[in-house]
Structures are given as C-alpha cells and as structure tokens.
Amino acid sequence: MFDEKDLLIDARHVTRRFPTNDGRLLTACDDINLKFYKGKTLGLVGESGCGKSTFMRFLVWLDSPTEGEIFFHGKDITKMKGAELHENRQHIQMVFQDPSTSFNPKMKIKEIVCEPLLNFNRISRSEVDAKARELLELVELPGDFADRYPHNMSGGQRQRVAIARAIALEPEFIVMDEATSALDVSVQKTVIELITRLQREKNIAIGFICHDLGLIESFAHQVAVMYLGNIVEVMPGEGLSDVCCHPYSRALLASVFDTKMDFTKKIENIKGEPPSPLDLPPGCPFSNRCPNCTERCMQEKPKLVEIGPGHEVACHMFTK
Amino acid sequence: MSLLEIKNVDISYGKNLTVKNCNLNLEKGEICSIVGESGSGKTTVIRAVMGLLPGAGRVSAGDIIYDGTDLLKLTRKQWRSLRGHDISMIFQDSGAMMNQTRLIGDSYVEYIQTHEDISKQDAWAKGIEMIERMRLPDGDRIMRSYPFQLSGGQRQRVGIAMGMTYQPKLLLADEPTSALDVTTQAQIVRQFMELRDEYGTSIIIVTHNLGVAAYMGDKIVVMKRGEVVDQGEREYILHRSTNPYTKLLLDAVPTLGGKRYV
C-alpha cells in the first residue's frame, strides 16, 4: 500500500538486550522489523514497558541495538560515527513526552528553538530573533513568546515550542514519544491538528508512540502494536478498529473509553498484567493472557504473516 | 435526603478565590464525574469535601452537608472518625500516599488500628483479605512489599483496597486511572463499577478523560476556571447540552472510527 521508493527508514531484525545485575538478559526489543515512509505516520502502541520507547530511541542515536540494522537512505545508522553521525543527526529529530522537563529552564524560548540551527551553522547569532519568530509563528504561537522562559508557558504552548525546535532543521523524520499524553484533550486536539498540517506541508515522516488507540487511529497511516518487545500486528491506520484481529490488539481496543460507546455494556478487559520481560513464556508472548490460547501457542512462537494489504499479524489463529 | 450536598460553596487559597459557587447533589449509590481541564478546580472541590485542602485553602462560603451533618463544622476528632471510615479518597498515584520506606502491610495495619481496636495479626489478615478482594493474587506478598516494588496498577488496587476497608458510603477518587495503561484503566474502572453494585457506594470521580467520565458517571459536572459551567445527567451532557464549552470538550475526544486528520 506504500510506494517502496518512498521508503525512508528500514529497521531489520532489531534486537536489544539489557544485562541485569544478576547476570540474566532482559530482551526489550525482539527481532523488530518496521518500515517508515516519507510523509507518513507510523503509530507504535502498547503498554508501558513493552519496548516502544527503547526502539524509537535507536532512531535518534540515544541507544543502539544489540543486533540488527536500521537503514536510513540505504545506510546503516547503527554503525555511523563521528562526522557522518553528526551530519545525519539533523535529519532525524525528537519530541519528548513532557515538555517541562525537556527544556533547559534557564534558556529563553528563542535560544531553545534556534539551538539546533546554531549547532549546524545554518544561521548566525544575529539572525536568531527573526528565525525564532518565524518558527514560533509556524507552530501558531505569537512571535513575542521568543523572549519568554519555558516556565511562563502552559503545557500546550511548551509542546508547540518542542515541535518548533524539532522542525527547525527541516528534518525528514521526527520521533514523537507520547507527545500529547501530558496535555488536556482540547489542547491535544489542536496539537494533533498542528502536527498533521506540518507533516502535509513539509512531507515529514513521523514515528508516534502512543497508548491511546482512538487517538492514533485519527492520524496514523500505519499502526504497529507491540507486546513484550515483539511486534504482534502491523496494520493500516484507517479503519483500524474494523481490521485489527490479534487478540491483544482487540483487547487494547476494547479498553478504550469514548463518549459514543454503549454504556450499558460491561467493559471487556484482559486479565492480569504482562509477565516480566526477564521471564518470557516460551511460545507466544501473549499466551498467558490470551482468551484463545491453545497448546500450540504455549510452545511455538508465531511469526508475522501477511493477511491483507499492509496488514501483518503474529498469531497462530491466522496461520494454517 | 441526598447523601452529599454541596451548596453555594466558594473555596479560596489565601486571597485567591479558586472555586466559585459550586453546587452538587449526590444520592446514595450514585456516581458523579467531574471533568475539566487542568487547573479548573476539580480536585479542589473533592479535597474540600474530604477536609483536605492544602496550605491556606479554605471553604470561604457555603455548606457541605454529608448525611445530615455539616462537614465544615466538624472538630478534628470528629473528622478523624469520619475520614477513612465513612468517606474515603483514592489518589492519582496511591503509591505516593504511602511511606516509601515502610512495607505496605505496616501502613495498612496502622490505618486499620487507627479505626478499630484490633490486634496486629488480625489487622494484617484483614488487609490481605481486602487486597485479595480487589483481585490482586497473593495478598501476603503484596503486604510484604514496598510501594515502589509494585506496578502502577497494583499500587492503585492497594489504594482502592485501603479506601474500601470500611465500606465507606462515599468514595472520592482523584484521577485514579490517569497514570495507568489503557488495559489497566479498564480493569480499575470495572472494579469501581462493581463497588457501587456490591456495596452501594456513592462515588465522585475527578478525571480529565471524558470517555471514563461518561462511562462511569450517572451525572457529569463540567468545570472551567473554578466554575461549574454545565452539569446534568449523562445523557443530557453528551447529547442535549447546548453549552459551548461542553461541546468543545466532547468534540476534542478522539473516538474510534471518528474523524481523521490525514
């Protein structure tokens, strides 16, 4: 469903293991294959601790995988060093969850949004004022905010500044780690509108980490569901609630509260909590919570298989 | 007679009038959701009901009547027997209300012994029973853990278990699910509904998640900048209300199969 020539980032067999104090290995990401396309959004959903942020951090060089390759324009970014790495950093930027802790509180807004430009010598010091104003107006903030400090702004305004900083270098790819979960719903809506507008105008690819399926469905082109370090389903974002079929995705979907649901119905939920990633079940990672678990699921780990256009699922229910 | 009546209440922090003219009635077994953006005064209202306004906060006008008694005229001693017994509160992160350097069981036993003349062993057993009733397996292990050793969902269940120990008539919940994953949130919401069905507990839930508010609340109160701008039955708020702010909030909630931006 996506054009292969628009392929921007191709992650292949990415695995990350962390050694623990008692000498065991914790697998945070297990053989992850994902593709990001130009100008499209990939939503990564899953519960806390499932490895979504760990994976996204590889793309911005905050960490590197134990195994696997991540190709950006055909080059493996996990092996980049020195000048090449520095050069490539400007193409991939990040927006963090909590804008109040991702800024230096002693820097003015204009210094914050222009810092990346100064780092790459795109502008000179004397151009900072004008450029900051331009960037702030791009994210629909008054240009006068340039002389403020982060603590003088509301959460929604700060998140807009974070977006302004991320787009300052005109990157090709932005990672957004729960960029709207700290915001009120009315503010969240306006921030999502801003993000989608900027994406259209500048053809930016976005990797969006989220745990709200209702939200991700509203603006993602493809959605990947992650559970205990494994991708269990990849599907198109549009009409997600109709096509998603992995039992875990269905459970996530059933846990969403929205204002148009049937209130007389008891809310469905999956039992218990995910097992510790140190102590994975031998077969399917979801086997101990799955309502349809069979003998085979306990022993054999399912692989991702294609069941429709752009739709892959890792579950024995869908393999013969 | 209503279980709880909040009549023309003003709440101030020092000289700042934070909540203006708040009115609310809650019947026995009824669930009321208070929604609004951050800083709209939702939490201040339920803290006032619990007599737990921080710092210089005080109720500067109006009455809060619980089951026929005026809560604002209670002495410290009367408060102590009421709080945690007839009225309980559940916080956003129940782990944060417990002493981090003490076992959960020790905090729990202290709480039980404050309200009841009971031996330590019996109090411990009562704690385990309540924790297991909240569907946490292996209550003894939980009692022997420190708050930071449990996951957010487990901690929240311990908080609910503590709050429900004496089957209070009124339960106040301040954003009880906002720190949790969607799946855990669904489990906790379901548990709240079961509390109401089993014990007839009245609940006031403060949340900014309109989906949760709509699912749980028989009644919904919408607050904005310290004022109640709209309130009514769920069906009225969701479908018939003409208040522009209520409409704006409802419109902003992402719904499955709803509007797409791309």
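The model is predicted. Chain A holds ten helices and twelve strands, and it is divided into domain 1 (4-91 + 171-318) and domain 2 (99-170). Between the two chains, 34 residues of chain B are in contact with 34 residues of chain A.

**Overall build of chain A**

- The radius of gyration of chain A is 21 Å, close to the 20 Å that the globule rule gives for 320 residues, so chain A is as compact as a globular protein of that length.
- Taken along the principal axes, the C-alpha atoms of chain A fill a box of roughly 70 × 50 × 45 Å.
- Of the 320 residues in chain A, 44% are buried, and among contacts between residues at least 6 apart in sequence, 63% join residues at least 24 apart.

**The eight-stranded sheet**

- Chain A contains an open sheet of eight strands in the order 6-7-8-3-9-10-12-11, with mixed pairing.
- Strand 6 (92-95) and strand 11 (305-308) of chain A stand at the edges of this sheet, and each has a single partner strand, so one side of each is left without a neighbour in the sheet.
- From one strand to the next, the twist averages 25 degrees.
- Strand 3 (residues 41-45) and strand 9 (residues 222-227) of chain A pair in the parallel sense over four bridges, and the bridge partner of Val45(A) in strand 9 of chain A is Val225(A).
- Helix 9 (residues 247-254) of chain A packs on the sheet, where it touches strand 3, strand 9 and strand 10 (230-236) of chain A, and its direction makes about 100 degrees with that of strand 9 of chain A.

**The two domains of chain A**

- The centres of domain 1 and domain 2 of chain A, taken over C-alpha atoms, are separated by 29 Å, and the contact takes twelve residues from domain 1 and twelve residues from domain 2.
- On the side of domain 1 that touches domain 2, helix 6 (residues 185-202) of chain A gives the most, with six residues.
- By class, that side of domain 1 of chain A has ten nonpolar, one polar and one charged residues.

**The side of chain B that touches chain A**

- Helix 7 (182-199), helix 8 (210-216) and helix 10 (244-252) of chain B each supply at least two residues of the side that touches chain A, and the largest share, seven residues, comes from helix 7 of chain B.
- By class, this side of chain B has 17 nonpolar, twelve polar and five charged residues.

Key. Residues are numbered from 1 along each chain as its sequence is written. Chains are lettered from A and ligands numbered from 1 in the order in which they are written. This is a predicted model: local features need pLDDT of at least 70, side-chain atom pairs count only at pLDDT 80 or more; totals for chains, interfaces and linings use all residues. Two residues are in contact if their C-beta atoms, placed from the backbone, lie within 7 Å. Ala, Val, Leu, Ile, Met, Phe, Trp, Tyr, Cys and Pro count as nonpolar, Asp, Glu, Lys and Arg as charged, and the others, Gly among them, as polar. Two strands pair if DSSP finds at least two bridges between them. Axes are lines fitted to C-alpha atoms, for helices over the stretch in contact, and angles run from 0 to 180 degrees between N-to-C directions. The radius of gyration is taken over C-alpha atoms; the globule rule is 2.2 Å times the number of residues to the power 0.38. A residue is buried if 20 or more other C-beta atoms lie within 10 Å of its own, exposed if 12 or fewer, and partly exposed in between; C-beta atoms are placed from the backbone. Domain bounds come from an automatic or database domain assignment.
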